[in-house]
Amino acid sequence: MLIEFTVGNFRSFREKATLSLVAAADRKGGGEKSPADLIETGDKDLRLVPAAVLYGANASGKSNLIRAVSFMRRFVIGSVREQDSIGAEPFLFDTSTRNEPSHFEVVFLLDGEQYRYGFEVSHDAVTREWLYVLPTIREIELFYRESQTIARHTRRFREGKGLEERTRPNALYLSVCAQFNGEVATRVLRWFRSLLHMNHERSQLLTSRRIGQWFQSATSALQRDIEQFVQKLDVSIASISVVETTRQLRRSDGTMREITVPVLHSHHEVRDAEGRIVDRKDFPIEDIESEGTQKLIYLSAPLFNVLEHGQTLLVDELDAQLHPNMTCAIVQLFQSKRTNPHGAQLVFATHDSNLLDPKLFRRDQIWFTEKDRAAGTRLYSLAEFRRTDNEKVRPDAAFERDYLTGRYGAVPYLGDLSAVVERLLNESDGTDEAPRVDHAAAAR
C-alpha cells in the first residue's frame, strides 16, 4: 500500500512536494461521516485513504506528479540494464537547479512492515540512495549510499554483501541486490512492479497489445469480471475475446516487419425486426468502438487487477473521453470495502469538477497543483488548505462551487479573452475600433 510519495527538482517540481494517502488525524473520532471506507493497516495510528484526486489548471503539474511515480518505478525495475543516461529531468527554469539531482522517495507498506526508499539522480549517476524499515516504533537503516560509497546494515541486509562493487554509478544498489535474488530487495522490487500507471497518450496498438496480453494471462475469474464489467457499461457489447492478429510495424530504419499481437475484439448481437438475436458479429475494438468505449475496456484489466490484489493504480486524466457518471462509478469501486476488500488504491488527475462532492471525497483525498511565480509546482490538499480567515474548509462545504470560483486556487486565470478576439478581428478588417453591436436588435 502506498503511504507517501515525494518528488523534488523534477520537471515542474522545483521544491520537494509530498502526496500523502494518510487519513487526516482530525478525522478520527471526530464524528464526521466519511464517504470513503478507510484502509486499516494493522496500526491503530495509521489509516489510509483508498483514493486521491488531483486538480489544477492545465500545465500546473498534475501529470508531472504521476510521471514522477512512473519514472521512479521504471528506474527501479530497469536500472540494472546498461544505459547511457538515467533520463531524469530537473527543473529547468532556475540556473541553480539545472545541474542539481532530482529527488524521489516513497513510503509504503509491504507484508505488514513500513518501508521508506528513495534516491537522488543526476543526468548520468546516482548521487544518493537509501532504504529504511520501520518494524516497530523506530526506523532502521538497511543501507545508505553516497555516490559509490555504500554502508549497509550487516545483519538486516546481508544480501547486499559484496554487491557494492557490482553497482555501476548509473544503477541502483537496490536493483542490483534484487538481480542477485536478495530477499528484501526482491520484495521491494515486486512492490514497485505492482504500481500500475496508465497514460492516455499511449498509442492504440501498444495499449491493445498490452491489454490483450493481460487478458490472455488473467485468471478465468478475472476474465469473467472484465466481461461482466464491459457488459454493464451500456455500450451494447455482448462479450469480448482475444484474437491473434498480424500487424505491420515500422522499424527505425523505415522498413516494415510483421508481428503477431493479441488484439481485443468486441462481440455485438444482430437482431431482426422482432428483436430476436439472429447473428453475432465481432470486430477489433479499435476499428468500431468509440474512443470512450476503448478507454473503458483498456482500463478494465488494470482496474480489476489492482482491486483483486490490493495494489495501486495511477491514471492521468481519468475523466478524458468518459461520461462523468462513469468516472464517478469507477471511483466508488475503490471507496467501498464491499468492492475493495483488499485495500487497493487509486490516484488520478482530472478536470471533472463534478467529482468535487463531500458525498464522494473527504478533504484529505482532494489535492491541488498550482504554479508559483517561478513556474514551479506547489502541491497541497484541501485538508490543509486555510481560508483567508485562517479557518479550515468545512467537511460539508460546496467543494465544486468554491473550487471553480477560485477559492482554493489551482484554477487558470483567463483574463478577458474577448479582447484578444476583438483585436484579431480588427486587424483582419484593417480597422482600429471594435465592431459595434446593436444588442437590442440582436435580442429581437
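Residues are numbered from 1 along each chain as its sequence is written. In this predicted model, local features need pLDDT of at least 70, side-chain atom pairs count only at pLDDT 80 or more, and totals for chains, interfaces and linings use all residues, while side-chain values use heavy atoms, without hydrogens and water.

**Exercise 1.** Describe how helix 1 and helix 3 pack.

Step 1. Helices (H or I, at least four residues) and strands (E, at least two) are DSSP runs, numbered from the N terminus.

Step 2. Axes are lines fitted to C-alpha atoms, for helices over the stretch in contact, and angles run from 0 to 180 degrees between N-to-C directions.

Step 3. The two helices are therefore oblique to each other (under 35 degrees is roughly parallel, over 145 roughly antiparallel, 65 to 115 roughly perpendicular, the rest oblique).

Step 4. Contact (heavy atoms within 4.5 Å) involves Met72, Arg73, Val76 and Ile77 of helix 1 with Leu189, Phe192 and Arg193 of helix 3.

**Exercise 2.** Give the strand order of the open sheet and find its edges.

Step 1. The seven strands are ordered 2-1-6-7-8-9-10, with antiparallel pairing; two strands pair if DSSP finds at least two bridges between them.

Step 2. Strand 2 (17-20) and strand 10 (149-152) each have a single partner strand, so they stand at the edges.

Step 3. Strand 9 (residues 140-146) is joined to strand 10 by four bridges. Phe143 stands opposite Arg152 in strand 10.
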